[in-house]
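I opened this structure to look up a few helices, strands and contacts. My notes are kept in the order in which I made them.

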Amino acid sequence: MRSGLAAGSIHRARTPVRRWPVLLLALFVGLALFGPLIAPDPLAQSLRARLQPPAWLEDGTLKHLLGTDQLGRDLLARLLSGLRVSLALGLAAATGSALLGVGLGLLAGYHRGTIEGFIMRLADIQLAFPLLVLAIAILALVGGSLTPLVLVLTLFGWAIYARVVRAAVLVQQQMDYLNAARIAGAGHLRIIVRHLLPNVTAPVLVLWTFSVAQMIVLEGALSFLGLGVRPPAPSLGGIMSDGRQLLELAWWLTVFPGVTLVALVVAFNALGDDLRDWLDPRAMRT
Amino acid sequence: MTRLLVRRALELAITLIGIWTVLFFVIRLSGDPIALLMGPNASAEQIEAMRADLGLDRPLATQYLLELKRMATLDFGRSIRGGQRALDLACSRLAISLQLTASAMLLAVALAIPVGIAAAAWRERRWTRWLLGLTFLGQALPIFWTGPMLILLFAVTWQLLPVAGWQSLAHGVLPVITLASVLLAKLARMVRAEMLEVLGQDYIRTARSKGLPQNTILMVHGARNAMIPVITVMGTEFGQLVGAAVLTESIFAIPGLGDMLLNAALARDYPVVQAGVFVITLVVVGVNAMVDIAYTLIDPRVRHAIDA
Amino acid sequence: MHGILNSVTRWLLSAIALAVGIGASSAWAQQKVLKVALGSMVAALDPNARTSGPPATIVFYPVFDTLTFSNDKGVVVPSVATEWKNTAPTTWEFQLRSDVRFSNGEVLDAAAAKFTLDRVLNPDNKQVVRARIATIKSVTAVNSTTLRIETANPDPILPKRLSSIFLLPPNYLRTAGEEGFAAKPIGSGPFSVAAFTPSSQVRLEAVSTSWRGRPQVDAVEMRAIPEASTRVATLRTGESHIIESVPPDLAQRLSRERGLQVVAETLGQVNLILLNTANPALNKKEVRQALNLAVDKAAIAEGIMKGYAVPTGQLVAANGTGYNGAIRPYAYDPVKAKAMLEAAGATNLSLTLHTTQGLQLNDREMTEAVAGYLNAVGVKTQIQVLETAAFVQQYHGGGMDPAFFIGWWYFPAMDGDFVYAWNQSGMKQSRFRNPKFDELYTASTREMNPGKREEIMQSMAALFHDEAPGILLLHPRQTYGVRQEVQGFVPRPDRVIVFDRIRLQ
């Protein structure tokens, strides 16, 4: 049995993980993976067919189930493509910041002293810094491709992991079994990987779930400013941003991607909540 | 106590310089503000002249040291676009942003506590789940959708509130709600988790089948405990809120620091950007520090841990 | 007893407060305040120095005067200068009004005008507007109402150029200094600045000291609302009386709303995809012509700009000097375009179109549309969106090969010179290297006879059209949302709003 789940938890809630978030996310992942293969071309534009409403409304056609945008592109196709981009981005950024944060947190918690101080100071700076300004500057310099965007989002997310991991490690440091391992001659790396890492898995997993949701929303904000994923393959946030001038007139341009976005975020958040309740509600607090 | 204060002040200074340095290099390396200022429809000789005038033609390292020296005297130079003193511009806009952000924070806290407590105390009930879900909705919906939607409903259709600006209390309602929605879910979740912890201990002892605590003392105790994690994150959340405030100010045309920062960054008016970031960092780190100090005053155990 | 007295007093006090409040608000209600929402606001009230062109000019024209002025149709008419003539090819004499006063009482005479012009021309002052009047060699105040200007070379459009220079009070500037002036500017126009938040909002109040007469509104409040949906919302609720830049898709819907209308005017501006003629893929004019034929400009004007644009085959619209009425936009003929590309051996063409997003209305959308059309004729086209600052930098630096979206304007002078200038071989910004064009352009800058000059410019237009160093798209029309309470509003090709004659019902 993993030491992480047993150690340090006096009380554990017996609420199981709900099914609907998992199912919903599975659906989205499926759509993201296979949707674009069966949907029409999201780039096919037709200026004569712009701003058509969804199929079940007057003026709508079955050819464009969810309607078209300002350039006549099929919204459903754009939506599936955007879902893919949003998910990929969220997962990549969350994983990236998790890796970075866990690494730094382990380092800080294990070695203590100046390294710890330095890393924690950096973490404070990252948490305090208004991301938007940094994002504008960096993304404007390097251009609007996927890689720098993921890098910037990663830069934004690691500190919270570092803090949580360091705190968890500090708790573990007090435990006798670690001293026993040291006395037995275990090297630093072995201790970190075999003993400390499993114990931080739980809180990191919970954080990660929330992070994905957060990254997806954040990218939306950057898209609003024109700094998110560039056309012609924008994220869900980007599609919403494109249609935001026509909230009333062409409501489908913002409502459908919006609903998808919200469902995605809510599902991740709900999953994160359930994971936390399941694993250990107390240990998750930072 | 004094040691803590001194340490905090030192950390503040280091943080300020650190952020400022990052900003300096990134912005300087990222593009030419003068060309932007002139725009595509102006001539090219002026560009060279202005660049020399602002010392932008000197090597980067020289610029850095000179600027660092000036920053120490709180001289951030003048706005490239308008010529006003950068720090003056930033400070003139600070009050409004603080009002917006603080109000949003207060609203979020004021709503999060009852929602979180309810969600924990009546966790089996459907309505609490829906309530919590509503807060999730607020966080998930992008601000650039929530804001305009609220405007469309409350200002245009029902004519209950004004659309944009910051001239009266009525003007503040929609932007504050929009901004608070970003934070509400997170705080509510925290309160709920804390309350669950508190109630959990009670469950073991009293084994109530319905899970409906009648004990008001318990609720009060729970609420007080719930405040602790909320206060803890106030500092860092304040910083994130400031970022979200930039979007809010843009949508509602509120002349705050975030709006100024955004325009300045897009125009690469970096004296203004640096002054703005400096002020924001000061406020955020300052708030963080105050929160930490307050925290240690509340809980001596924490003070011990920090000093360890 | 005490209690009753207390409550009576309290009641009395609140009644007084209410009365005062009502009185004050009704005094306020008498004030006719025009509320305008723009897309952006100028950063500093120091005309001539840092910005030239809208939206700065929207704030400057009510407050300051110019020697000459562009009227609603783009024709340069007298303003502070009542008449002018050439006494020699390089010498101009301007007669000035004698009744012009700044709002602080200072006189605006020839000496004051000379002061402003010298200040702009002085390279040490680094005034942005200097480039507009760089042709001036010297300025002399012959007497209080006569100004003599010498140009380095014959300059046929000097009067037009002067419509960009705002006249400032010399004494006040000297005593208040640059900063003092920027904090509290003083001009000779019918409005004075009451309050200003840089890049955000400004309040102008009517004064009676101007030769232009007292305006019919008491105050104008202008603010920047960058978010289009918010801007439109303020029009609908009445929080704004006039808004600039109504998104074309909303315009029709908005016009149908009670109490509102959408008006528009063709701007002195042109949008095109500039092609780098030095790039081997694009150096054959047949290829460039083919690209022009591949794009359905009418569909873009109708579809993306919702009709608020005029497709074009040249740089200048009918509202500017240099317009050639004989030139039609390239037809939409994708079949012919494909054939021409094949004939020129350019079947494997692949292009990247660079563009900004939001710098011009629908810049990205138009570029995406063009890319779509080019792809449809077999040219592998993708677009790259650049952030404004990066775009401008590369524009001035000769980057963004091989093509990019650009919007050039020629207001307020409304003369094609300002857009053709960009295409001279020597300019860093130019992607066109054509000796014949250079020759024509230089001639146009020296020809003093308006008729002959017009001819030269029309030849330039024809040459430009034929050589096709760009995919010529359209002239945008600026839209405004106006509430019915507003009378006397006229949309102009230079985006300036003349508040002097606007009335509020």
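Predicted model: local features only at pLDDT ≥ 70, side-chain atom pairs only at ≥ 80, totals over all residues.

**Chain A, one helix**

I looked up helix 3 of chain A, which covers residues 75-111. I then checked both ends. At the start, a side-chain oxygen of A:Asp74 comes to within 3.5 Å of the backbone nitrogen of A:Leu76. Just after the helix, A:Arg112 has a positive phi of about 55°.

**Chain B, two helices**

I took helix 5 (residues 86-121) and helix 10 (residues 257-266) of chain B as a pair; their axes come within 7 Å and cross at roughly 135°. I therefore noted helix 5 of chain B as oblique to helix 10 of chain B. On the helix 5 side the contact involves B:Leu89, B:Ala90, B:Arg93, B:Leu94 and B:Ser97. From helix 10 I listed B:Leu257, B:Gly258, B:Asp259 and B:Met260.

**Chain C, an open sheet**

I found four strands of chain C in an open sheet, ordered 5-6-8-7, with antiparallel pairing. Strand 5 (81-88) and strand 7 (136-143) are the edge strands, each pairing on one side only. From one strand to the next the twist averages 20°. I followed strand 7 to strand 8 (residues 146-151) of chain C: they pair antiparallel over six bridges, and C:Ala141 is opposite C:Leu147 of strand 8. Helix 3 (residues 110-121) of chain C packs on this sheet and touches strand 6 (91-96), strand 7 and strand 8. Its direction makes about 165° with that of strand 7.

I moved on to strand 10 (residues 191-197) and strand 11 (residues 201-206) of chain C, which pair antiparallel over six bridges. C:Ser192 faces C:Glu205 in strand 11. Three residues lie between the strands of this hairpin, and C:Ser199 there takes a positive phi near 60°. Strand 11 also pairs antiparallel with strand 12 (residues 219-224) of chain C, over five bridges. I noted C:Arg223 in strand 12 as the bridge partner of C:Gln201.

**Chain C, one loop residue**

Last, I looked at C:Glu239, in the loop between helix 6 (228-237) and strand 13 (242-244) of chain C. Is C:Glu239 buried or exposed? Its relative accessibility is 17%, so C:Glu239 counts as buried, the cut-off being under 20%. Beyond its neighbours within four places in sequence, C:Glu239 contacts B:Pro162, B:Val163 and B:Ala164, along with C:Lys35, C:Arg223 and C:Thr234.

Technical notes. Residues numbered from 1 in each chain as written. Chains lettered and ligands numbered in written order. Heavy atoms only, no water. Expected span 1.5 Å × (residues − 1). Polar contact = N/O pair within 3.5 Å; in protein donor to acceptor, adjacent residues only side chain to side chain. Pairing = 2+ DSSP bridges. Buried < 20%, exposed > 50% of the residue type's maximum accessible area, 1.4 Å probe, protein only. Contact = heavy atoms within 4.5 Å. Axes fitted to C-alpha atoms, helices over the stretch in contact; angles between N-to-C directions. Parallel < 35°, antiparallel > 145°, perpendicular 65-115°, else oblique.
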